[in-house]
Amino acid sequence: MTNRLRSILAVSLTVLAALLVFVALVVPDGIGRLRPGTWVPGAFLRLPIEAIVAAAVVLVAPARFRKPAALIMGAGIGVLTILKIINIGFLNVLARRFDLVLDWPLLGDGYNYVTETSGKPAAVAAVAGAILGGIGLIGLMAWSVLRLSGLVARHRTGALRAVPAGIAAWVALALVGVTLFPYAPVASDTTAMLARNTLTGIPRSINDQRAFAIEAANDPLAKVPAGQLLRALRGKDVLIGVVESYGRSALENPKMAAIVDPALQKSNAELEADGFHARSAFLTSSTYGGGSWLAHATFQSGMWVNQQQRYRQLTSGAGNRLTITKAFQKAGWHTVGIEPGNKHTWPEKDFYGYEEVYDARNLGYKGPQFGWSSMPDQFTLASFQRNVYSRPDRGPLFAEVTMTSSHTPWAPLPEMIDWNQVGDGSVYGPQIANGPKEDTWTSTGKVRTAYATSVGYSVNALTSWATTYGSDDLVMIMFGDHQAAPRVSGVDASHDVPISIVSKDPAVLDRIASWGWQDGLRPDEDAPVWKMDSFRDKFLTTFAAPAGAKSH
């Protein structure tokens, strides 16, 4: 190799090292909150204080310590870059950043999701790729900073002038507050703040675990005698239908509402024609974009379960929480959980208080899989009808049915059929074979259309079951667990989800009159909004008095 080629290669490697370090330092994790199609040059037009400080360290460090210092700084930048990438993913899916203490279990759930949607080989390959990529990124950053430190040392005189000038420019830009891109001021300290927030967040998360355990252990409702629970609902069958990803944006985004509103109007008209009436409002979910089980636990337990660690603390027996299901069980109802998304034994069954659980293994489905969902919601409800609701000797029933057809990726989508044709689900084969072949995720418009269609299907399936099979004593609670991911719901969307209570008995709806909920299945924008963890106490208190007694 000639000297000229060596020189070109050396310069090219140095430029590459500088570019890698620069991008790693300046790209904000808030880039995950971009609106689709947004161009982001301003995210890169920044002056990183970390680079200036690193150059200063190289200049003041004794020669024998420069190489170790550079390797440590480079490896640190690599680790923080990995954390930044994880944050981008969390912001893009869950609308929050990764918690270094509490969120590790969610990585396992991600592995399970890939396994269920793409197969175990793909999941194993993804894990292997992530590990190798992470190690490679740390090594690459260490090499880059080491190479740049040599450049600084060789041009010491120029660096001694550049560092003070860089500090002065950075301070001036920070004082003026120049920002070319949201969440990314030109005077960049993104990586330094990420390191600081991560380190200071560790003790805060540990303290959160302790405080949550204390709260879980002190539940006044757990001491209420069985005879005083849910007296106003004696003789009623109560069904909770949880509609996956049914969020407020489905009602307020004009293009999605154009699909969801007619579905709600149809369902509401059919309910009223059969003698049912509904009241609706909003709940603020503890999660967003995913983590449905966190919302289920929040709704059921009356505690704010917004992290996986909190969920594990609560459901593993930390404290003695009276869930809504357990309250019905304690008061004499037979309690059943319908969980078509579960393919393994459900450890949380006893925590919630379910006496029976039906899942993907015993619901009897023989048809094709629709995306993530093991089976269409109509089949889930038909199986519930056959196995549980139609049993003549069952007594008063409480059931929670999880509706999974509106779970991402919203393709392919099932369609409603005659209830008498559902059978073992084999009838759904042609729906898969004849369904649309285009990729739902090729555009935001397509994915929003598919999502809204799935929500309309899930709601229609639930209300159609009620009008087809529901008795006069049925009380139904339908709510969404969380908003869909930001690409669907919007980067500035709330955590609000619709909730409705449906009954033929005017006394049931009169009892919640003081709640101020609106008529029908569709809450308007000014409908009441409650935090999801407040529902348990409000519901159990409202229906504690015996039928005929005045409720406050």
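**Charges over rings**

A charge is taken to sit over a ring if NZ of Lys or CZ of Arg is within 6 Å of the ring centre and within 35 degrees of the ring normal. In this predicted model, local features need pLDDT of at least 70 and side-chain atom pairs count only at pLDDT 80 or more, whereas totals for chains, interfaces and linings use all residues. Residues are numbered from 1 along each chain as its sequence is written, and side-chain values use heavy atoms, with hydrogens and water left out.

The charged end of Arg248 sits over the ring of Phe282, 3.9 Å from the ring centre. Arg394 lies over the face of Tyr389, at 4.6 Å from the ring centre.

**Aromatic pairs**

The whole structure holds 23 aromatic pairs (rings of Phe, Tyr and Trp, the last by its six-membered ring, with centres within 6.5 Å; planes under 30 degrees apart are stacked, over 60 edge-to-face, the rest tilted). The ring centres of Tyr389 and Trp465 are 5.0 Å apart with the planes at 70°, so this pair is edge-to-face. Tyr389 belongs to helix H14 (residues 377-389) and Trp465 to helix H16 (residues 444-469), 76 residues apart (helices are DSSP runs of H or I, at least four residues, and strands are runs of E, at least two, numbered from the N terminus).

Trp419 and Tyr469 are also edge-to-face, at 5.7 Å centre to centre and 85° between the planes. Trp419 lies in the loop between strand S9 (397-403) and helix H15 (429-433) and Tyr469 in helix H16, so the pair ties together parts 50 residues apart in sequence.

**Burial**

Tyr389 and Trp465 are both buried (under 20% relative accessible area; exposed is over 50%, partly exposed in between, with a 1.4 Å probe and protein chains only). Trp419 is buried, at 11%, while Tyr469 is partly exposed, at 29%.
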